[in-house]
Structures are given as C-alpha cells and as structure tokens.
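These are my notebook entries on a single protein chain. I set down what I looked up and how each term was defined.

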Amino acid sequence: MEGGARDLSGFYDSAYARGGERHAAWRELGARGKADHVASLCSQLSLPVASVVEVGCGDGALLAELSRRGFGESLAGFEISSAALELARARAVPRVVSLEVFDGVSLPVADGAFDLGVLSHVLEHVASPLPLLREAARACRALVIEVPLERNASGGRSVKRSSSEAIGHVTALDRAAVRALVDQAGLRVAAELLDPLPREVHTFFAQSPVDQARGLAKAAVRRGLFRVSPGAAERAFTLHYACACVPAK
C-alpha cells in the first residue's frame, strides 16, 4: 500500500505541476457545482457542519468555495499530493485550520473528529476505495460523497475509458456500486442527487466555434434526456452522483 501511495502521489504531483491556469480555472468551475451539491444535501438533512474536512482536497478549490459561502465554522483538508497541498496553502482560505498530507488510507485524527467529511471525486481515483471510505466514516459523523457514474453506455467505450484513465480514474462506478460501498462501510445513504452538468462544463475546453456548438448540443441533449427520464440518462452517459451518508445504526 505504501508503494501504491507513493505512485499516486507522484502521479498527482505531476498533474498539478503541469496543469497551468486553464486547468486551475477548470477546477474552480467544478468546485462551484460540488459546493452546490454539498450544501444542498446537508441542508436537506439538517446535518451539523461546524467542523468539515475534505479528504482528497486537491488544490483547495472546493474548500475555498465552501469558505466563500460561509459553509462550516472550521475547515480542514487531507491530500496525497504535496504539490496540490502547496497550491491549497497558497490560497490562505479563511477558516481553514489545517491542510495535511496523508497516505491515502489513514487519517491521523480521533474517531468522530469532524461533523462532516467530504470525498468529492475521490473514490474513482482509488483502486480499492472501501478502506478509505471506512476510515472517513470513522473520522466523521456524516459524509458527502460525489463520483462520476461511468458504468454506462458512453463510459464503457474504449475512448472514454482511456480519457478517464489519463486523469487517474481507476475505478468505474455506478450508483449500485457506490451504495454497496456505503453499506460495507457501515453507513446508509440518507439523501442523494444526480447532475447532468451545466453547459459551461461541456463547453469549457472548446477551442473553436465548431467545438463550442458541439458542446452546447451535447449539454442540451443530456439535460433534455435527464429531464424526461433520469434513469435512461444514467444508463446512457456519465452523470455526477452525490450522496449524504450517515451511520447505518
């Protein structure tokens, strides 16, 4: 496991080092949607959020967005990549009390140390996500998990799998797989949501008017199908799935 952690750390150190301003802006855009999901689920369940930790906080984009919205009283982050943590620390986000490197498995905190743990687009990057999920459940009284649901007709195509693997996705999940992991971690899904993503996401990397038009058409088709039949959309293409999890007993 330690060797695997070093490999992952090196992979993400390189990814953050070469990302540049464009990829930083991409993470900022993603953070806004992720923060919407966290806030919506916690509000729906009236979850306590005085102390919040993001496990796999990357460059701190989501923590910064949560702080900007006044979400939580104290915020913390753990991350496997030292390069990402340097970027997160450089933000000097208000109310972030700690940003620490961890080994990808163990969190050096007491049981129930945080009201809420957030694992947003983390589990798909882990070959064996259950141990990390169990550890997060130990350290936090509730969790919000978000993943892309990539076990679908579109996500199964070789070109899509290759692009997912290139950004570090090693586990393709569907909703049933996420729920099974949650159950095995001793938790239950108390609230959930699906998001086909706004057009800004689908057009972000468009470099020409033709690419822009394609992105707009893609967004329209996906959101249209999602409005008509969320289940059909889930089977056809990748949606983002977020769920709030609490102890099963």
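The entries below go from the whole chain to single residues.

**Basis.** I worked from a predicted model, in which local features need pLDDT of at least 70, side-chain atom pairs count only at pLDDT 80 or more, and totals for chains, interfaces and linings use all residues. Residues are numbered from 1 along each chain as its sequence is written, and side-chain values use heavy atoms, with hydrogens and water left out.

**Overall form.** I looked up the secondary structure and found 9 helices and 7 strands in the protein chain. Helices (H or I, at least four residues) and strands (E, at least two) are DSSP runs, numbered from the N terminus. The C-alpha trace spans about 50 × 40 × 35 Å along its principal axes.

Of the 249 residues, 49% are buried; buried means under 20% relative accessible area, exposed over 50%, and partly exposed in between (1.4 Å probe, protein chains only). Among contacts (heavy atoms within 4.5 Å) with a separation of 6 or more, 73% come from residues 24 or more positions apart.

**Strands β2 and β3.** I found that β2 (residues 74-79) pairs with β3 (residues 96-101) in the parallel sense over 5 bridges. Two strands pair if DSSP finds at least two bridges between them. Phenylalanine 78 stands opposite glutamate 100 in β3. Together with helix α3 (residues 82-90), β2 and β3 make a right-handed β-α-β unit. Right-handed means that, with the strands pointing away from the viewer, the path from the first strand over the helix to the second runs clockwise.

**Helix α4.** I checked the cover of α4 (residues 129-139) and found 8 of its 11 residues buried. Among them are Leu130, Leu132, Leu133 and Glu135. The buried residues of α4 pack against β1 (51-55), β4 (114-120), β5 (140-149), α6 (175-184) and β6 (187-195).

**Aromatic pairs.** I recorded 4 aromatic pairs in the structure. Rings of Phe, Tyr and Trp (its six-membered ring) pair if their centres lie within 6.5 Å; planes under 30 degrees apart count as stacked, over 60 as edge-to-face and the rest as tilted. Tryptophan 26 and phenylalanine 204 form a tilted pair, with 5.2 Å centre to centre and 50 degrees between the planes. This pair links distant parts of the chain, 178 residues apart: tryptophan 26 lies in helix α1 (residues 2-45), and phenylalanine 204 in the loop between α7 (199-203) and α8 (209-228). Phenylalanine 204 also pairs edge-to-face with phenylalanine 205, at 4.9 Å centre to centre and 85 degrees between the planes. Trp26, Phe204 and Phe205 form one aromatic cluster.

Tryptophan 26, at 31%, counts as partly exposed, and phenylalanine 205, at 40%, counts as partly exposed.

**Positive phi angles.** I noted serine 46, which is not a glycine, with a positive phi of about 55 degrees. Serine 46 is found in the loop between α1 and β1 and counts as exposed at 62% relative accessibility. Alanine 92, not a glycine, has a positive phi of about 50 degrees. Alanine 92 has its place in the loop between α3 and β3 and is exposed, with a relative accessible area of 61%.
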